[in-house]
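Below is a short note for a colleague who is opening this entry for the first time. The points can be followed one by one alongside the display.

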Amino acid sequence: MNAVAPAGTGVLDAALQSAETARYRAHDWFAVLRQQGWHSFQSLPMPKLSHEKWRFSDTRTLSLADYAPAPEPTEAQAAALIARSQLIPDAAGLIVHIDGHCVLKPSLSPELAAQGVIFESLEDAIKHHPALLKEHLLKHPVGLGGDKFAALHRAWLRSGYVLHVPKGVEVKQPFVSVTWTLTDGVAVFPHALIISGEQTQAAVHDFHFSAKPDQRALAISVADIHAGKGSQVHRLAVQAWGSATQSFQIDNTCGGRDSLICSVNAAVGSRRARLENAVRVEGEGADVRLYGISVASGEQEFDQRTLQIHAAGHAKSDLLFKNVLLGKARTIFSGLIKVEPDAQHTDAFQTNRNLLLSPDAEADSLPGLEIEANDVKCSHGATTGQIDPAELFYLQARGIPLATAQELLAQGFLEEVLAKVGHEEAVAIVREMLRQKFHQA
């Protein structure tokens, strides 16, 4: 198996980062963007527990040392993981990355290509569509505490994809991206840039996997979603990195007038995983729906931070995050609904529900509201509890073992969110991942 770069040449090494950036000198704007990320990363402090946006997080275990880019996989390694990436039979396009290298480029149908749909690797899009990227790439602010990690992502940005659906185009089949880590100690920085024009329809499924269940890696993922007027964007993001991985996922979404955005995040992997999901509702009539599920076991820590900003009135947002905890796992949910003064007639809701299957598990919830308009409907809530003993007794009385009964009830608890995915094959994949997670716990 490939080895990472030798000690002293990891993602914290300035000389290596400078050499990496030099390859983009032909595209000065992108080289400058990366260099700005590096300077920001160096100037920002590492998070501490005393920082409000990292409250309850175990910041003592945060470390960026000893991770580095890895060389390209061998042909045999690439072929094996490409075969494992054939998840959605009816995909409109499939792109596969391994250790930050694109090993399978998308192939669009002639019909989609003729309609002007773009689905390319980030490196190809930098060459072919610079104006589009200059307008949309990394234009969202990072406001949930992950600034330093977002800056490191920017500094090492090179892998990922760009999806652009032009005005009036509707694509029924999902676009699929599968990202793998293969080499121990690898650092990867996958990026998703999704641009949906006016009156369009598109669905995207992002899968993040590790080739080995105990993969040690650093993964800092960022997604930028721009939903145009009257567009519909559906996204499923699955985080199933290896059990020794540190992962950070920073999602930023902008909803235009009358747009519909449905985002589902499912998490089962990583030793520690932080999700930051920020939405800005900028157009009247927009409808943004954020859903999340996770199953945390052992000593995993899943840290979820969300922000729903309403800058325009007569719009909606709805958030539902559900977590199942086993062993000594911990989850943190901190969410804020912010309604600006001009966003009258806003409907915004936020709910976090946690199901504890172990007396040693811990779930912390911090929902919040910041309302500056006076004609709104907003609510937030959080619940944490155990399985109803009567429900367990009912199943056990019918000969179902305790562990199986707990799994069935937990799966039922999560089903409300799974139903939002809207794609049978994708739902089946997530259900199987959840089943395996329960059996490994």
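Are Phe207 and Phe209 buried or exposed? Both Phe207 and Phe209 are buried, where buried stands for under 20% relative accessible area, exposed for over 50%, and partly exposed for what lies in between (1.4 Å probe, protein chains only).

1. On the source. This is a predicted model, in which local features need pLDDT of at least 70 and side-chain atom pairs count only at pLDDT 80 or more, while totals for chains, interfaces and linings use all residues. Residues are numbered from 1 along each chain as its sequence is written, and side-chain values use heavy atoms, with hydrogens and water left out.

2. Aromatic pairs. The whole structure holds ten aromatic pairs, a pair being two rings of Phe, Tyr or Trp (its six-membered ring) with centres within 6.5 Å, called stacked when the planes are under 30 degrees apart, edge-to-face when over 60 and tilted for the rest. One of them is the tilted pair of Trp54 and Phe149, with 5.9 Å centre to centre and 50° between the planes. Because Trp54 lies in the loop between helix H2 (28-43) and H3, and Phe149 in helix H7 (residues 147-155), this pair ties together parts that are 95 residues apart in sequence. Trp54 counts as buried at 2% relative accessibility, and Phe149 is buried with a relative accessible area of 1%. The rings of Phe207 and Phe209 have their centres 5.8 Å apart and their planes at 25°, so that pair is stacked. Ring pairs also link Tyr24, Trp29 and Phe30 into a cluster.

3. Helix H3. Here helices (H or I, at least four residues) and strands (E, at least two) are DSSP runs, numbered from the N terminus. In helix H3 (residues 75-84) the buried residues are Gln77, Ala78, Leu81 and Ile82. They cover an arc of only 130° around the axis, which puts them on the same side of H3; the arc is that of the directions from the helix axis to the C-beta atoms. Glu75, Ala76 and Ala83 are exposed on the other side of H3. The buried residues of H3 pack against strands E1 (93-98), E2 (101-104) and E5 (175-181).

4. Helix H1. The buried residues of helix H1 (residues 14-22) are Gln17, Glu20 and Thr21. Their arc around the axis is only 95°, which puts them on the same side of H1. The partners against which the buried residues of H1 pack are H2 and H7.

5. Lys322, in strand E16 (residues 316-325), is buried, with a relative accessible area of 6%. Not counting residues up to four places away in sequence, Lys322 touches, among others, Arg353, Phe413 and Glu416, contact meaning heavy atoms within 4.5 Å. Leu366 lies in strand E19 (residues 362-371), and its C-alpha atom is separated by 6.0 Å from that of Phe333, 33 residues apart along the chain. Leaving aside neighbours within four places in sequence, Leu366 is in contact with Arg55, Phe56, Phe333, Ser334 and Gly335.
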